[in-house]
Amino acid sequence: MRIPRIYHPEPLTDATVCRLSNEAANHVGRVLRMQAGDRLELFDGSNHIYSATIIRADKKTVEAEIQARCLDDRESPLSIHLGQVISRGEKMEFTIQKSVELGVNIITPLWSERCGVKLDDERMAKKIRQWQKIAIAACEQCGRNVIPQIRPMMKLQDWCAEQDGSLKLNLHPRAKCSIRTLPAIPAAGVRLLIGAEGGLSAQEIAQTEQQGFTEVLLGKRILRTETAALTAISALQVCFGDLA
């Protein structure tokens with residue numbers, strides 16, 4: 001039986017006994033129905049894992065004793081910051097989940113001219129919390145021990161204008177180069193822009209050019225926004241990251 005991996009939101013470096021968060025305790029106690037004596041693998045976002053054994057499990061509280069700590073680096077050498085224009089329904093959740101599994105480090109949800117999603121401030125904050133939980137669950141599943149950051153939502157033009165030393169990429173069918181023909185990636189990594197389900201407007205494409213984005217092709221076929229994101233991330237990891 002696979003030992004469950006559980007994220008703990010506070011540092012575990014000096015801990016010998018850990019009380020799981022309410023959400024984690026509910027999952028371990030009510031969903032997995034684990035009992036005292038069962039084993040867990042905990043991680044706190046520090047790129048370490050902690051071997052632990054449950055010493056108390058009831059309806060509200062789960063405590064585990066930590067036996068060992070070790071570094072377990074599963075991060076890609078390629079840093080990827082995904083700027084994803086918000087898509088409808090479960091598509092955005094799917095994109096976040098799978099991009100985390102593929103090794104993305106930062107995800108910024110974006111507003112664009114053709115973004116069909118409308119959210120007030122309260123719903124925006126709720127969405128960010130929900131997407132961060134999806135990222136955590138993806139790490140628990142895939143074995144990553146560093147939690148990618150889900151940033152607050154931004155306007156596309158503001159995100160494009162940010163300067164961090166990374167190679168800026170925008171997918172476009174008129175591009176003359178593909179991902180595999182890109183030059184060497186800078187140490188800061190890649191900033192990857194994925195447009196809305198209706199694509200970027202002509203004005204937005206012009207803005208990406210002004211902000212130094214390189215246009216790249218993914219092939220002759222037009223991909224849906226969620227397919228484009230995962231295909232581009234996979235291609236980048238194959239060419240410059242850690243996908244064999």
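Colleague: How do the residues of the lining of the second largest pocket divide into nonpolar, polar and charged?

Modeller: They divide into 6 nonpolar, 2 polar and 3 charged. The model is a predicted one. The lining includes Ile6, Tyr7 and Pro9, along with Lys133 and Glu140. Lys and Glu count as charged by definition, whereas Ile, Tyr and Pro count as nonpolar.

Colleague: How much space lies in the largest pocket?

Modeller: About 580 Å³. There are 25 lining residues, and the closest to the centre are Leu171, His172, Pro173, Ile222 and Leu223. Strand E10 (167-171), strand E12 (190-194), strand E13 (214-217) and helix H6 (225-240) are the elements that give two or more residues to this lining. By class, the lining of the largest pocket has 13 nonpolar, 7 polar and 5 charged residues.

Colleague: Tyr7 was named in the second largest pocket. What makes Tyr7 and Phe43 an aromatic pair, and why is the pair called tilted?

Modeller: The structure holds 2 aromatic pairs. In this one the rings lie 5.5 Å centre to centre, with 55° between the planes. Ring centres must lie within 6.5 Å to pair, and planes count as stacked under 30 degrees and as edge-to-face over 60, so 5.5 Å makes a pair and 55° makes it tilted. Tyr7 is in strand E1 and Phe43 in strand E3, 36 residues apart, and the pair links distant parts of the chain. Both Tyr7 and Phe43 are buried.

Colleague: What are the distance and angle for Trp159 and Phe213?

Modeller: Trp159 and Phe213 stand 6.1 Å centre to centre with 45° between the planes, and this pair is tilted. Trp159 sits in helix H4 (residues 156-161), while Phe213 is in the loop between helix H5 (202-210) and E13, 54 residues apart.

Colleague: How do you know that Trp159 and Phe213 are buried?

Modeller: The cut-off for buried is under 20% relative accessible area. Trp159 has 0% relative accessibility, so it counts as buried. Phe213 has 8%, and therefore also counts as buried.

Colleague: Why is Arg33 called exposed?

Modeller: Exposed means over 50%, and Arg33 is at 64% relative accessibility, so it counts as exposed. Arg33 lies in the loop between H1 and strand E3 (39-43). It has a positive phi of about 55° although it is not a glycine.

Colleague: Where is Asn47, and is it buried or exposed?

Modeller: Asn47 lies in the loop between E3 and strand E4 (48-57). Its relative accessibility is 11%, which is why it counts as buried. Asn47 has a positive phi of about 75°, although it is not a glycine.

Colleague: What does Asp72 touch, leaving out residues up to four places away in sequence?

Modeller: Asp72 touches Asn47, His48, Ile49 and Asn145. Its place is the loop between strand E5 (62-71) and strand E6 (80-85).

Colleague: Why is Asp72 called buried?

Modeller: The relative accessible area of Asp72 is 16%, and buried means under 20%, so Asp72 is buried.

Colleague: What makes the link between the side chains of Asp72 and Arg74 a polar contact?

Modeller: The side chains of Asp72 and Arg74 are joined at 3.1 Å. A polar contact needs N or O atoms within 3.5 Å, so 3.1 Å meets the distance cut-off.

Terms used: Residues numbered from 1 in each chain as written. Predicted model: local features only at pLDDT ≥ 70, side-chain atom pairs only at ≥ 80, totals over all residues. Heavy atoms only, no water. Helix = DSSP H or I, 4+ residues; strand = E, 2+ residues; numbered from the N terminus. Buried < 20%, exposed > 50% of the residue type's maximum accessible area, 1.4 Å probe, protein only. Polar contact = N/O pair within 3.5 Å; in protein donor to acceptor, adjacent residues only side chain to side chain. Contact = heavy atoms within 4.5 Å. 1 Å grid on protein atoms, 1.4 Å probe; cavity = no way out; pocket = protein on both sides within 12 Å on 5 of 7 lines; lining within 4 Å. Points joined across faces, edges and corners; volume = space filled by probe spheres on them. Phe/Tyr/Trp six-rings, centres within 6.5 Å; stacked < 30°, edge-to-face > 60°.
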